Amino acid sequence: FTTLDEARAAIESAPPVRLLLEMGGDPQSLGGPVPRGELSFEAWPPPTAEPITWYLGSENALLTEPNNDGSGAAHSFAFDAENSQRVTEAADDDGNEFDNLAWEPLVEGNALAYETELFTDDLLLAGSGVVELWVASTADDADLQVTISEIRPDGQEMYIQTGWLRASHRALDDSRSSALLPFHTHAEIDLGPLPAGEFTPIQVEIFPAAHVVRAGSRLRLVIDSPGGTRNLWKFDVLEGPATHSVALTGAMPSSITLPFVRDAEVPVGLPPCPDTRSQPCRPYLTVANSPSALTP
């Protein structure tokens, strides 16, 4: 540009949202700040994004309908306070938050995991999501972490995004919340303990993300204690011990809802592990969910 007006006109005429996909996965600059693909949209989340909801079911299933088979009424996991202090940086980490961490495998009994059926098309996840959980606990409060990942055909599990919430902060501002974005007040007047022995609905935001879940992959939801998913982050969590339970019944349908764009022009093939920035991979391992002693 030769003038400020030319530059301003060019910027203002471009779509306001520029989406860079799979940063670090470009084969000419592996690990560098170069994307494998780029998309533009008129708004965020993209107006063409459609919400898709799955419901937590028995075993490790994410179902397209609420669980009504009477099995697996609730699952439980043990709160792991040590996880909040776990900073497992990559071996060559230089203090850069975008370097991939050494993403540790799940510890059975300390986490719950649920998975969809295989995707039949490439779908672009674009925007925020919400995990609605019916939660009961042996404590009067609970620090919760929800994480989504892609279980790929090559046997790798790739991190996508996470959300966190302390259960006592569950109160929502309904005027500012939406089906995909719970807005918590975090006001002192709204704080409240978990009712003893009762299942309570809690909405946890999954922070904004852009990721292509490809045909032949499955989407995974993990529910556990905060920590282990961010480079250089630690969490000031509640003291344990505690056991948290999540209901799985049709009357208390714990679920996850995410926005997907169909038919987007996305890069072909899986992005490389471990070069895609801020998206570590680990070998996929199954986790058996523990049944809860509480009945919804």
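Guide: Before we start, helices (H or I, at least four residues) and strands (E, at least two) are DSSP runs, numbered from the N terminus. This is a predicted model, where local features need pLDDT of at least 70, side-chain atom pairs count only at pLDDT 80 or more, and totals for chains, interfaces and linings use all residues. Residues are numbered from 1 along each chain as its sequence is written, and side-chain values use heavy atoms, with hydrogens and water left out.

Visitor: OK, where does serine 225 lie?
Guide: In the loop between E11 and strand E12 (243-247).

Visitor: Is serine 225 buried or exposed?
Guide: Serine 225 has 1% relative accessibility, so it counts as buried. Buried means under 20% relative accessible area, exposed over 50%, partly exposed in between (1.4 Å probe, protein chains only).

Visitor: And what lies 2.9 Å from a polar atom of its side chain?
Guide: The backbone nitrogen of aspartate 80.

Visitor: Switching topic, how many disulfides are there?
Guide: The count is 1 disulfide, taking a pair of cysteine sulfur atoms within 2.5 Å. Cysteine 273 is joined to cysteine 281, with S to S at 1.9 Å.

Visitor: Left-handed or right-handed?
Guide: The torsion about the S-S bond of cysteine 273 and cysteine 281 is about -55°, so this disulfide is left-handed.

Visitor: How accessible are cysteine 273 and cysteine 281?
Guide: Cysteine 273 is partly exposed at 24% relative accessibility, while cysteine 281 is buried at 15%.

Methods:
A polar contact is a pair of N or O atoms within 3.5 Å; within protein, one must be able to donate a hydrogen and the other to accept it, and residues adjacent in sequence count only if both atoms are side-chain atoms.
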